[in-house]
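Subject: Structure handover

Hello,

The structure is below, followed by notes on what was found in it. Please read the notes with the coordinates open.

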Amino acid sequence: PRYAAHARYWCNLHLVLVHDWRWCETNPATWLRVRTMVLKAAEKKEYLLSRVGILPDHLHLTIGFPPSETPLSIAVS
């Protein structure tokens, strides 16, 4: 849970990002750049990353976020 001055809250999102046509990326250097990008974006936005699953054709992210944000704004960012 996260805590505010007068509340305790849980806002979590399981986000799956799939490549167009389920195309498989097999270059490890590309996935390292993606991993770095995800970690930097989460740190900048102050999201909590519980899990990041990197597969050849998609990503799984489990993200904790403040209730002031919408799932759509998180996915787009």
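**Ile-74 and the nonpolar core**

Not counting residues up to four places away in sequence, Ile-74 touches Leu-13, Tyr-47, Ile-63, Phe-65 and Glu-69. Please keep in mind that this is a predicted model. Ile-74 also belongs to the largest nonpolar core, which has 14 residues. Within that core, Tyr-47, Ile-63, Phe-65 and Ile-74 have the most contacts. The elements that give two or more residues to the core are β3 (12-18), α1 (28-45) and β5. Helix α1 supplies the largest share, four residues. As general background, nonpolar side chains in soluble globular proteins tend to be buried together.

**Overall layout**

The chain holds two helices and five strands. In sequence order they follow the pattern β-β-β-α-β-β-α. Taken along the principal axes, the C-alpha atoms fill a box of roughly 45 × 20 × 15 Å. Of the 77 residues, 26% count as buried. Among contacts between residues at least 6 apart in sequence, 61% join residues at least 24 apart.

Lys-40 lies in helix α1. Its relative accessible area is 58%, over the 50% cut-off, so Lys-40 counts as exposed.

**Strand β5 and its partners**

Strand β5 covers residues 58-64. Two strands pair with β5, and both pairings are described here. β3 and β5 run antiparallel and are joined over seven bridges. Strand β4 (residues 48-55) is also antiparallel to β5, again with seven bridges. β4 and β5 form a hairpin, with two residues between them.

Why is β5 described as largely enclosed by the rest of the structure? The description applies because five of the seven residues of β5 are buried.

Two bridge positions can be named. Val-18 stands opposite His-58 in β5. Gly-53 has His-60 in β5 as its bridge partner. For orientation, side chains in a regular strand alternate between the two faces of the sheet.

**His-58**

His-58 is in strand β5. Is His-58 buried or exposed? With a relative accessibility of 11%, under the 20% cut-off, His-58 counts as buried.

- Asp-57: the polar contact with the side chain of His-58 is 2.6 Å.
- His-60: the polar contact with the side chain of His-58 is 3.0 Å.

Leaving aside neighbours within four places in sequence, His-58 is in contact with Val-16, Leu-17, Val-18, Arg-22, Trp-31 and Gly-53. One of these, Val-18, is the residue opposite His-58 in the strand pairing. Another, Gly-53, is the bridge partner of His-60.

Most residues other than glycine have a negative phi.

Arg-22 is not a glycine, yet has a positive phi of about 55 degrees. Arg-22 is found in the loop between β3 and α1. At 45% relative accessibility, Arg-22 counts as partly exposed. Arg-22 is also among the residues in contact with His-58.

Glu-46 likewise has a positive phi, of about 60 degrees, and is not a glycine. Glu-46 sits in the loop between α1 and β4. Its relative accessibility is 58%, so Glu-46 counts as exposed.

**Cysteines**

How many disulfides are there? The count is zero, where a disulfide requires a pair of cysteine sulfur atoms within 2.5 Å. Cys-11 has a relative accessible area of 19% and is buried; the cut-off for that class is under 20%. Cys-24, at 42% relative accessibility, counts as partly exposed.

Regards

Methods. Residues are numbered from 1 along each chain as its sequence is written. This is a predicted model: local features need pLDDT of at least 70, side-chain atom pairs count only at pLDDT 80 or more; totals for chains, interfaces and linings use all residues. Side-chain values use heavy atoms; hydrogens and water are left out. Buried means under 20% relative accessible area, exposed over 50%, partly exposed in between (1.4 Å probe, protein chains only). A polar contact is a pair of N or O atoms within 3.5 Å; within protein, one must be able to donate a hydrogen and the other to accept it, and residues adjacent in sequence count only if both atoms are side-chain atoms. Contact means heavy atoms within 4.5 Å. A nonpolar core is a set of buried Ala, Val, Leu, Ile, Met, Phe, Trp, Tyr and Cys residues joined through side-chain atoms within 4.5 Å. Two strands pair if DSSP finds at least two bridges between them.
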